[in-house]
Amino acid sequence: MEAKTSPNRGTPNNSPRASSLTQFRMIVVSVTCATLVSVVNNIIMPNDRLSSSGNRSHDTPQKYPKTSKKLTKDQHINTFWWPSPEEYGGILGKIHDFQNPSDCSAPSTKFFVWRSRSDNENDTRGLTAWAHAASSHMLHALTDADQPGAGHRILINDDKLFPMAKGCEHGLETRECYFEPLTNCKLSDVDDYETADPKSSNIKILSKTDEEYDRNVRTLYTSDSIWFRKVKDMYSWTGLGFNSQHSTIHMTAASLAYYFRVKPWLRKEIDERLRRNIPLDLNPQRTIGVPIRRSDKCRRHAIEGSAPGEMECPPLEEYLKKVKEFLEFDPRIENVIVTSEDKSACEEFLEILNKELPSLRVIQNIGDVQQGTGSGSKLEAYTEGSSNAQVVASALTSLHMHMRARYFVLTSKSTWTSTIAVMARVYGFASEVIVFDIGPNKNTFAHLARRGCA
C-alpha cells in the first residue's frame, strides 16, 4: 500500500485543531513485521516541545530548514548518502533533538556518561560492536532505564583514547576523530566524579549494568563493562506509545544511524571511494551483497591481539550456493557486491564467482585495506603502511556499498554483517530486502538482520 498524506477529515478547516494539525503530517504505512507501524515526521507541535527534563515547555520551538524536496537518496547511487536527522526527521530526528538540548548547564539537564574501560587501549571491539554499545546506552539514557516519567538523560562519551583512533590526524584520538559528537553538550557540563565531593547526591557510578539508581541523580556514569542494560520499552520516551505498537528494527537502525554520522573529512573519503567503486548504472533491486566476515571471527585463528574466534566460519562454497539460489529466485539479478576484511577469502571467492557465474557483474571495494581482522585495538599493526584512518574508511565504504544491495548472503554471528542487513532494511537503496543467514545467531539483533523483526 502506497504511503499517503491523510487529510484532516471530520475537522472544520477554521477550527484551532485544524490549524495545529496542518503544521505536521503523519504518514501511516501498511506494515509487515519488518516495516514500521507509523512514522511521525514532526511529533512535537510548535510552541509545545519537550524540555531537557522531559516535560512539555512553551519556549521558542526548534526550527528546521523548510523543504518541499523529496529525500534525494536515489540520486546518490555512486556518491555518499546517509540519513541526516534534519532531513530525515522521524525517530532519527527525535534522537537528535533529545541529544542536543538548548541548555546543557541547567541543573535539570541530566547526563549518562559512557565510560571507557580501564584497559581501553586493548579493547578489541570493532566498529559495529562500539556502535551497538552506543545504541543500547542511548536507549538507556532516553528512557532513564525504563523510567521515562523521570525525564531523559543526555548520552555523552568520555574523552579517553578510542583504540581505532590511534595516530589520528584529524583531531584527538577519541571517537570524534571519525564521528560527529553524540551531543552538543561538553564534559564540562557534567558533574565530574574525580573532582566532586564523594558524598555528592548529583553523581552515581554504576557498579554493574543493571544496578538500580536514584533517577534524581544529575550525572550517571556507566559501569566499567563492555555490556549494557537492556531497555524493555524502547519507545516509551517518544510519546508514540509502547513497543507492542511499533517496530524494533526502526528504533535500532535509527540509533545506529545517529552513531555513524561521520566527520566531513571521512565523508569526503568515503564519497571518493564510492565514486570509484559503484557503477552509475547499478540497480540496487538487482544486486546481491556478500559481506564475508572471516579472519578473527573464525574459531582457532592465530591472529595476535584480536578477539577470540566465535564461530565455525562457513565454507565459501556455501556463499556461492546461496548466490545461485538467489539467481534462480530472481533471474533479473545483475550484480554482486563482494567485500571482506579477509583478503585471501575475498580473492578465493572472486575466483569461484568468475568461474561459476561469469555473467554476474562483480563489484569490489577497490583500495580496501583488508586488514585481516575486525578487532579494533591494533588495526595499524596488521597491514604494513596502512593507518587506522585508512582501515576505518575502507570498512565504512564497504558498509555504504552494501546499502545498495537487495539480497544478502551473510552470517548473523557477526555484528558487522548483521548491521549491514539491518541498515539496508531501513535506510538502504532497495526495497524488499531478503537475507540468507549461513551462520545464524539466536539473539534479537540476528533476528532483525535475518527477518526484519524480532
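Modeller: Let's start with handedness: the torsion about the S-S bond of Cys-168 and Cys-177 is about 95 degrees, so this disulfide is right-handed. Keep in mind that the model is predicted, with local features needing pLDDT of at least 70, side-chain atom pairs counting only at pLDDT 80 or more, and totals for chains, interfaces and linings using all residues. Residues are numbered from 1 along each chain as its sequence is written, and side-chain values use heavy atoms, leaving out hydrogens and water.

Biologist: What makes Cys-168 and Cys-177 a disulfide?

Modeller: The rule asks for a pair of cysteine sulfur atoms within 2.5 Å. For Cys-168 and Cys-177 the S to S distance is 2.2 Å, so the pair meets the rule. By this rule the count comes to two disulfides.

Biologist: Which cysteines form a disulfide with sulfur atoms 2.1 Å apart?

Modeller: That's Cys-104 and Cys-185. Their S-S torsion is about -85 degrees, so this disulfide is left-handed. The pair links distant parts of the chain, 81 residues apart: Cys-104 sits in the loop between helix H3 and strand E6, Cys-185 in the loop between strand E7 and strand E8. Helices (H or I, at least four residues) and strands (E, at least two) are DSSP runs, numbered from the N terminus.

Biologist: Why is Cys-104 called buried?

Modeller: Buried means under 20% relative accessible area, exposed means over 50%, and partly exposed is in between (1.4 Å probe, protein chains only). Cys-104 has 11%, so it counts as buried. Cys-185 counts as buried too, at 4%. Cys-453 also gets the label, with 15% relative accessibility.

Biologist: How do you know that the length of helix H7 agrees with what it should span?

Modeller: The expected span is 1.5 Å times one less than the number of residues. H7 has 14 residues and should span 20 Å; its end C-alpha atoms are 20 Å apart, which agrees.

Biologist: What makes the buried residues of H7 line one face?

Modeller: Among the buried ones are Leu-316, Tyr-319 and Phe-326. Seen down the axis of H7, the buried residues fall within an arc of 165 degrees, so they line one face of the helix. That arc is taken from the directions from the helix axis to the C-beta atoms. On the other side of H7, Glu-328 and Phe-329 are exposed. The buried residues of H7 pack against E10, helix H8, E13 and E14, where contact means heavy atoms within 4.5 Å.

Biologist: What puts the buried residues of H6 on the same side?

Modeller: In H6, the buried residues include Leu-266, Ile-270 and Leu-274. They cover an arc of only 170 degrees around the axis, which puts them on the same side of H6. The face turned away from that side carries the exposed residues Pro-264 and Lys-268.

Biologist: Why are E12 and E14 called edge strands?

Modeller: They belong to an open sheet of five parallel-paired strands, in the order E12-E11-E10-E13-E14. Strands E12 and E14 each pair on one side only, and that makes them the edge strands.

Biologist: What makes E13 and E14 a pair?

Modeller: Two strands pair if DSSP finds at least two bridges between them. Four bridges join E13 to E14, so the two strands pair. One of the bridges has Phe-408 partnered with Val-435 in E14.
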